[in-house]
Amino acid sequence: MAFRPLLRQRAIAPTAITAFAATTLLWPTTVVHAESPPEHALARKPIYDDLSPSPSKAPSSKSPEPSASTSTSPTPTDRLASQIRRVRLGIHDYSASVESSFNNFMSAVLTQERSFTSTIASLAPPQESNERIMPGALYVLVAAMSGSIISRNRNVLLRATVPFAVGLGAAWVVLPLTTRNVADLVWTYEEKAPLVAENHMRVRGAAIEGWKQIKLRGEKVGEWSEETVREGRKAVEGWVSKGT
């Protein structure tokens with residue numbers, strides 16, 4: 001009776017070993033995946049060397065290399081972009097040239113306007129002088145009209161020169177400073193044309209010489225008239241003294 005437990009333990013040990021061996025043999029050694037197993041898990045080394053897979057059937061792990069030759073011709077998008085860029089640059093250049101031309105034109109206009117206003121202002125007499133333009137201009141105009149009336153029945157030459165000469169003389173008398181400024185301005189423009197300036201100097205010299213001759217003749221006529229009056233007075237006085 002005392003050996004029964006030992007006999008039972010000896011009977012259980014072979015049974016447990018047998019169950020453990022059956023479990024090991026029947027339990028699967030590979031893990032079941034939801035997806036297909038990788039290729040290196042399926043490709044096992046065969047038992048026999050004769051059944052080894054051929055190199056042609058071996059799966060290639062290298063990815064296909066991209067083609068070394070790439071196309072160099074531009075795409076339609078590139079051509080369209082280049083055309084748009086060319087058009088934009090052309091429009092920008094044209095607008096820039098138009099803006100530059102307009103700015104140059106406005107600058108020239110402003111320069112001419114400034115020159116004109118400064119020139120007109122330089123013709124006016126100084127404020128400290130007693131010369132007034134408005135009444136003097138009316139006097140000059142009246143003098144020129146009177147010269148035109150005087151020479152209306154004369155030839156064409158006198159009708160063209162007498163009003164101008166009378167008006168110019170009146171201007172030198174009534175508006176001497178303004179007339180001098182106008183003459184200087186005209187002379188600056190005449191200097192740009194040497195032929196006109198030379199003819200002007202000749203005419204001016206002749207006019208000055210003629211004015212001098214007229215003054216000289218006038219002085220001689222005045223002296224002669226005074227001498228005549230003096231002699232006549234003496235003669236009258238002699239007649240009166242003889243009669244008394």
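Mentor: Let's start with Pro-176, which counts as partly exposed because its relative accessibility is 34%; buried means under 20% relative accessible area, exposed over 50%, and partly exposed in between, using a 1.4 Å probe and protein chains only. A word on how to read this: residues are numbered from 1 along each chain as its sequence is written, and side-chain values use heavy atoms, with hydrogens and water left out. This is also a predicted model, where local features need pLDDT of at least 70 and side-chain atom pairs count only at pLDDT 80 or more, while totals for chains, interfaces and linings use all residues.

Pro-176 sits in helix H6. Helices here are DSSP runs of H or I with at least four residues, strands are E runs of at least two, and both are numbered from the N terminus. Leaving aside residues up to four places away in sequence, Pro-176 touches Glu-131 and Ala-171, where contact means heavy atoms within 4.5 Å. Pro-125 lies 51 residues away from Pro-176 along the chain, yet their C-alpha atoms are separated by 9.1 Å.

The next residue along, Leu-177, also belongs to helix H6. Leu-177 is partly exposed, since its relative accessible area is 36%. With residues up to four places away again left out, Leu-177 touches Pro-125, Pro-126, Ser-129 and Glu-131. Between Leu-177 and Leu-123 there are 8.5 Å from C-alpha to C-alpha, although the two are 54 residues apart in sequence.

Ser-129 lies in the loop between H3 and H4. Its side chain reaches the backbone oxygen of Pro-126 at 2.6 Å.

Now back to helix H6, where Thr-179 is found. Thr-179 counts as buried because its relative accessibility is 12%. A polar atom of the Thr-179 side chain lies 2.5 Å from the backbone oxygen of Leu-175. Beyond four places in sequence, Thr-179 touches Ala-171 and Trp-172.

Helices H4 (133-150), H5 (156-174), H6 (176-190) and H7 (194-243) are the elements giving two or more residues to the pocket lining. H7 supplies the largest share, ten residues. Sorted by class, the lining has 17 nonpolar, seven polar and four charged residues; Ala, Val, Leu, Ile, Met, Phe, Trp, Tyr, Cys and Pro count as nonpolar, Asp, Glu, Lys and Arg as charged, and the others, Gly among them, as polar.

Finally, here is the wider setting. The protein chain has seven helices and zero strands, and buried residues make up 8% of its 244 residues. Its mean pLDDT is 77, with 70% of residues at 70 or more; pLDDT is the predictor's confidence in each residue, from 0 to 100. Confidence is highest in helix H3 (residues 76-123), at a mean of 93, and lowest in helix H2 (residues 39-42), at 52. Over residues 50-62, pLDDT stays under 50. Where pLDDT is low, the predicted coordinates should not be read in detail.

Conventions
A polar contact is a pair of N or O atoms within 3.5 Å; within protein, one must be able to donate a hydrogen and the other to accept it, and residues adjacent in sequence count only if both atoms are side-chain atoms.
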